[in-house]
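Thanks for coming. I will take a few minutes on one structure, so please have it open as I talk.

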Amino acid sequence: MTDAIDTAKPGKSGRGPAFWGISFGLAMAVLAALRIADIVGEKAGFAIMLGCSLLLIPLFRSANRAARRGGCASPAVLRYNRGMGVSSIAYVLGLGTAIWAYNHQQDPGVWTYGLALLPVLPIFGMIWTMGRYLVEETDEYLKYRVVVAALIGLGGLLSIASLWGFLETFELVPHVPGWAAVPVWAIGMGLGQFWIKARGQ
Amino acid sequence: MKNRLKVLRAERGWSQQDLAQRLEVSRQSVNAIETGKYDPSLPLAFRIADLFDMAIEEIFLRGE
């Protein structure tokens with residue numbers, strides 16, 4: 001049988017997850033541009049990034065509100081949003097800390113392996129959260145939508161990675177590090193969810 | 001697949017939310033099934049049939 005769907009009416013509706021997601025993306029893009037142009041220093045950039053990561057809190061809170069409003073706030077969805085929220089904040093903090101520490105370390109060594117794990121462990125957390133959602137979600141339609149969106153993201157990632165790989169082999173584009181795979185997949189999955197919604201499913 | 005879920009629900013004066021709670025699924029699931037955008041699994045189809053005290057083929061129609 002199915003876990004109870006949370007139909008409790010949300011309090012204040014507030015802004016939607018799209019607003020907070022776009023705000024976070026724009027803030028990070030502006031920060032990256034300022035860092036590349038060397039307008040913002042390393043310490044100030046790290047501090048601003050910490051501030052930007054706070055936008056993830058209203059993002060995942062609004063995702064829960066949207067799920068309740070849309071009548072699809074199953075316990076598994078709420079746990080998924082919480083897990084993704086914690087993992088995303090840990091990722092941003094881990095990434096910033098790892099890059100800062102790497103640039104300032106005097107004697108690279110085994111310690112660098114630990115630094116590399118800082119942003120990677122939260123990514124493992126995201127993948128674990130996704131897997132746990134697929135196991136725990138008892139509403140077959142909600143699970144179907146997530147699986148379709150995840151497959152769209154995977155298809156996009158494989159296509160882009162293959163295309164980029166050949167362009168890189170022919171020295172037409174610069175090298176892209178392997179850790180870009182998860183963000184590309186996540187963006188593809190988000191576009192997949194948007195496509196499903198646009199189709200009225 | 002076409003189905004008579006919307007009619008059966010309306011006959012009982014249930015909203016989509018009412019039916020969703022009775023089936024213990026999300027309202028979006030009920031909406032997707034009613035509009036033919038999603039075909040339920042056999043276990044869920046049996047639960048729907050049991051709720052309306054009908055056979056599955058009386059609710060879900062062959063074709064399409």
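This is a predicted model: local features need pLDDT of at least 70, side-chain atom pairs count only at pLDDT 80 or more; totals for chains, interfaces and linings use all residues.

Start with chain A and its record. UniProt, in an unreviewed entry, lists the feature "transmembrane region" at residues 18-37, 43-63, 84-102, 114-135, 147-167 and 179-196 of chain A. I checked two of those against the coordinates. For residues 179-196 of chain A, the figures are 89% helix and 0% strand, with 27 Å between the end C-alpha atoms.

Chain B has a record of its own. The annotation there is "domain: HTH cro/C1-type", again from an unreviewed UniProt entry, and it covers residues 5-59 of chain B. In the model that stretch of chain B is 69% helix and 0% strand. Its end C-alpha atoms are 6 Å apart.

Now to helix α4 of chain B, residues 42-52. Which residues of this helix are buried? They are B:L44, B:A45, B:I48, B:A49 and B:F52. Around the helix axis these residues span an arc of only 140°, so they sit on the same side of α4(B). On the face turned away from that buried side, α4(B) carries B:P43 and B:D50, which are exposed.

What covers the buried residues of α4(B)? From chain B, the cover includes α1 (5-11), α2 (16-23), α3 (27-34) and α5 (56-59). It also includes α6 (140-169), which belongs to chain A.

That brings in the other chain, and α6(A) also packs on α3(B). The angle between α6(A) and α3(B) is about 85°, and their axes are 8 Å apart. The two helices are therefore roughly perpendicular to each other. The residues of this contact divide into three nonpolar, two polar and one charged. On the α6(A) side they are A:Y141, A:L142 and A:R145, and these meet B:Q28, B:S29 and B:A32 in α3(B).

Next, backbone angles. As background, most residues other than glycine have a negative phi. Two residues here go the other way. Just after α4(B), B:D53 takes a positive phi of about 55°, and B:D53 is not a glycine. B:D53 belongs to the loop between α4 and α5 of chain B. Its relative accessibility is 72%, so B:D53 counts as exposed.

The second case is in chain A. A:E171 has a positive phi of about 60° and is not a glycine either. Where does A:E171 sit? It is in the loop between α6 and α7 of chain A. A:E171 is exposed, because its relative accessible area is 72%, and the cut-off for exposed is over 50%.

B:E57 is in helix α5 of chain B and is exposed, at a relative accessible area of 57%. B:E57 is 12 residues from B:A45 in sequence, and their C-alpha atoms are 9.6 Å apart in space. B:A45 is one of the buried residues of α4(B).

In chain A, A:V182 lies in helix α7, residues 181-198. A:V182 has 25% relative accessibility and so counts as partly exposed. Between A:V182 and A:Q105 there are 77 residues of sequence separation and 27 Å from C-alpha to C-alpha.

That is what I have.

Note on methods:
Residues are numbered from 1 along each chain as its sequence is written. Chains are lettered from A and ligands numbered from 1 in the order in which they are written. Side-chain values use heavy atoms; hydrogens and water are left out. Buried means under 20% relative accessible area, exposed over 50%, partly exposed in between (1.4 Å probe, protein chains only). Helices (H or I, at least four residues) and strands (E, at least two) are DSSP runs, numbered from the N terminus. The arc is that of the directions from the helix axis to the C-beta atoms. Contact means heavy atoms within 4.5 Å. Axes are lines fitted to C-alpha atoms, for helices over the stretch in contact, and angles run from 0 to 180 degrees between N-to-C directions. Angles under 35 degrees count as roughly parallel, over 145 as roughly antiparallel, 65 to 115 as roughly perpendicular and the rest as oblique. Ala, Val, Leu, Ile, Met, Phe, Trp, Tyr, Cys and Pro count as nonpolar, Asp, Glu, Lys and Arg as charged, and the others, Gly among them, as polar. UniProt positions are given in the numbering used here, feature names are shortened, and annotations may be inferred rather than shown by experiment.
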